[in-house]
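User: Hi, I'm new to this one and would like to go through it slowly. Could you take me through a few topics as I ask about them?

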Amino acid sequence: MSHEHTSAHGAGHHGDGHGGHGDHGHLPFLAHHFDDPEQQFDSGKLGIWIFLVTEVLFFSGMFCAYSLYRSRNPEVFMFASQFLNEALGAFNTCVLLFSSLTMAWGVRCAQLRQKNGLVLCLALTLGCAAIFLGVKAVEYTHKWDIGLLPAGSYLAQPEVPVHHEGLSPWLINLSIVPGILLVAFAVWLVITFVKGDKRMSEIAGTLLATAACYFLGVFVGLKFQEAEASSSAHAAHEISVEHDGDTGSHEAGVTADEHAQGQPAESATSESANDHVSGTTGTEAPLKEIEAHLVSLDAPKVVPGAPLDAMVNQKGGAGLFFSIYYCMTGVHALHIIGGMVVMVWLLVRATKDQFHEQYFGPVDYVGLYWHLVDLIWIYLFPLLYLIK
Amino acid sequence: MSAVAESPTHSHSQVTENYLFNTKGFLSWALTLDHKRIGLMYLVGVMSSFLVGGLLALLIRAELFTPGELFLNNKQFNQVFTLHGAVMVFLFIIPSVPAALGNFLVPVMLGAKDVAFPRLNLCSFYLWVGGAIFFLCALFYTGLDTGWTFYTPYSSSSEFGTMGPVVWATMGVFILGFSSIFTGLNFIVTINTMRPPGMAWFKMPLFLWATYSTSIIQVLATPVLGITVLLLAAERVLKIGIFDPHLNGDPVTYQHFFWFYSHPAVYIMILPGMGIISELMSVHSHKSIFGYRFIAYSSVAIAIFGFLVWGHHMFTAGMAEVTTVVFSALTFSVSIPSAIKVFNWLATMYKGTVYLNTPMCYALNFLFLFTIGGLTGLWLGALSTDRALHDTYFVVAHFHYVMMGGTLVAFVGGLFHWWPKMTGKMFNDLWGKISCLLVFIGFNMTFLPQFVLGSRGMPRRYARYLEEFQVLHQISTAGAFVLGAGLFVALGVLIHSLMRGRRAPNNPWGAATLEWQCTSPPPFYNFASAPSVTDPYDYLPLKYISEEEGWVYISPTKSTDPQAHPEIAKS
């Protein structure tokens, strides 16, 4: 190949990217230091795979911590995971899985040079990510409300419901930034619409929808929680009728007491109905079940009849579980946000129609990253929410 | 600039094309995507860090001249050794060879125009700069005194407050870690996908093998350090309790996490140094490297073994006995690939034409110091002796022999070796050799007595000591100043060459790797067309041409002119 260096490479030195170099006049997307598009694509692909390896190792530290503390304190993890809302977790899992589908579809669109399809897929993926974050915000803030915090700040009274009018103040705080973004994108959309800049209004519209999706996520999360609360109250009510009011305490925390959801209460009915006096806390039923399980396992730390909740429901017990929970899901959420930022970059480039059969690398790489973020959640969900 | 007068046309193209001057202005450097300029900027950065770390080392040694307090109180002494260790490890040794020399050399050795991701490369440079400034400010401003390892439970104790020095320092380490990861990632991809046609894996220069192995460790180990320091910061800010015994956490877990990175990091430090020595030994002996494949494989073997031995830092931390035995046995296995390299270097020199110029002197210096460092490692890897020697000056002497006698000496040797290529200037060889001699004498004076001190029970990191240790400490302190003087001489030689040095020929040493085929300094595009790949250690076709004052390829007479061979042209 020829080298008109002084002009072509001079531009590269000023950091304005790799487009438009003289020596690849016919291939504007090919960076100056690569011989052909294939080499460029292979390099990028290898690069992103190595990056994903580093991501896996990054999370592996926390998975290690999880296994370590779970193997040391199985009863703590069994106790504390009761407070996580499986329905919300399952909903988020579905959202992320769907977003992986739209992302993969987007890669296909880029390969086929379907510009509109790519923009739509990216918009859907961004929307799903925002919904995920909205739901996560509801989960987090609810836990903060009832004192389920990392070990140092853990308040060992999860059974005490917190009454506040309307929304949790934490949730409102968390929604400030998305709220500002929502307004800003709306204003931007109006401006671009008035100006008649179609490409910009496409971008602004997608971003507005994304910000709106966060609030959709919050709404869905709150609805789910209400449903859970009322169903557990309903279940508790039924049980209390059937078993002469033994577990009537569930009614006390109907709105906020999502940790004592339907299923542990239902599965524990026989025991709690037999052993318990009325007025016990909502955590008693799962505790009993755990204790029975641990006794059957011959776990060394458990003395039958000893007050298990006092043993695990404390800073160094369940608090540690929540430390690990917040670290893992928090870092995962940061990765979601990072993925969203990169996707916006893709969106801008997609509206410029920069991706086609010969050059779709960036979409492909971001897609791989997104699948990994999804995959990590696929591990987090059962490890934290489902394993009892 | 006498060359300008002699041959104006030649030097004109030199000036406009060479990477140092082809564009001008601050921004042409600050926003450059050229790997050579980035490498040079890294070089300035790591050398400045080394200056800071070195002056701190002299401060420590000066304080230890007397058993009592001289000018640092106990708290200040702790802060100074913490700063010295942290600056040297995170800001100097880890980025020294890979980021500075590696950035300059990897693409040129490959005959490529740049690394695979030039913008990522610039990004990792700025991460390094940002991380370094952040880190230094944090350490100077807050007076961290945990030692460079940030061991819990001391670092997680309430003494430091919520947003204290530990948080800032760990954030600095976190940023620096990303810089290191991106550099490693860049090199792996570059070496994998951008080798020129004809350069198979086993035709690569050994420096590239070493860099490749280093990059693998950087990519695999550094993320774990990232999450470890992040958890430590969360421990302080959010009180997550994972490493805090008060909250049922386990401080030894921190040590496991930390050394899972930091032991492989030891090989991030030494492997590139070994790569440099492989080049230097062969080039300056003018003899093909002995046991090429073994040196190449042993680099990879060290990279792999490096991940399995972190427990030997924790023999006295309270691990299960079986674990300590396993870690001890694995630790011994690391000595095998290291010994393979040393023997191969010796065999390379055997019956070679050894030129005792400055780079080669540093290479021999390395061989001597690294061997002592490596062999004393066996004392520390053995369980029974480590019980007595743990946390004594024996450990200090051991890792300084490996890190400083190994990596630093190799780095300086490599710097002298590639200096003509990087700057286009020759240095004063005599003064270079004098610096090497001073470094050798000063180094051994500093650290040999520390082996004795350690074996007699002098604990490390102590500001005060018993009078019986005073003589040895004073020899050590005197040696440290000789060592410092030697390094300043080396710096002076290099700076002098920039101003007064004669123009460097393309190939001053008669080396056969590709970087010597382009001009000194290289043009910004490295190679006008992909160079023809030859055996990197075949010195037979190279001849010394005295007019050029350098070595030139004399290829066997071949002609592609059909007129010269009419019979071929016809058929």
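User: To start, is the crossing of helix 6 of chain B and helix 7 of chain B left-handed or right-handed?

Analyst: That crossing is left-handed, a term used if the near helix is turned anticlockwise from the far one by less than a right angle, with right-handed used if clockwise. Please keep in mind that this is a predicted model, in which local features need pLDDT of at least 70, side-chain atom pairs count only at pLDDT 80 or more, and totals for chains, interfaces and linings use all residues. Residues are numbered from 1 along each chain as its sequence is written, chains are lettered from A and ligands numbered from 1 in the order in which they are written, and side-chain values use heavy atoms, with hydrogens and water left out.

User: And at what angle do the axes of helix 6 and helix 7 of chain B cross?

Analyst: The axes of helix 6 (residues 118-142) and helix 7 of chain B cross at roughly 160° and come within 8 Å, so helix 6 of chain B is roughly antiparallel to helix 7 of chain B. Angles under 35 degrees count as roughly parallel, over 145 as roughly antiparallel, 65 to 115 as roughly perpendicular and the rest as oblique. Axes are lines fitted to C-alpha atoms, for helices over the stretch in contact, and angles run from 0 to 180 degrees between N-to-C directions. Helices (H or I, at least four residues) and strands (E, at least two) are DSSP runs, numbered from the N terminus.

User: What classes of residues are in that contact of helix 6 with helix 7 of chain B?

Analyst: The contact of helix 6 with helix 7 of chain B has 18 nonpolar, eight polar and no charged residues. Here Ala, Val, Leu, Ile, Met, Phe, Trp, Tyr, Cys and Pro count as nonpolar, Asp, Glu, Lys and Arg as charged, and the others, Gly among them, as polar.

User: Where is B:Pro521?

Analyst: B:Pro521 is in the loop between helix 16 and strand 1 (542-545) of chain B, and a cis peptide bond, with omega about -10°, joins B:Ser520 to B:Pro521.

User: Changing topic, how many salt bridges are there over all chains?

Analyst: A search of the whole structure finds eleven, where a salt bridge is a side-chain nitrogen of Lys or Arg within 4 Å of a carboxyl oxygen of Asp or Glu. One of these joins the side chains of B:Glu63 and B:Arg464, at 2.8 Å from N to O. This pair links distant parts of the chain, 401 residues apart, with B:Glu63 in helix 4 (residues 35-63) of chain B and B:Arg464 in the loop between helix 15 (429-455) and helix 16 (470-500) of chain B.

User: Now chain A: how far apart are the axes of helix 2 and helix 14 of chain A?

Analyst: The axes of helix 2 (residues 37-72) and helix 14 (residues 361-386) of chain A are 10 Å apart, and the two helices pack at an angle of about 15°, so they are roughly parallel to each other. Helix 2 of chain A passes helix 14 of chain A in a right-handed crossing, and their contact has 18 nonpolar, three polar and four charged residues.
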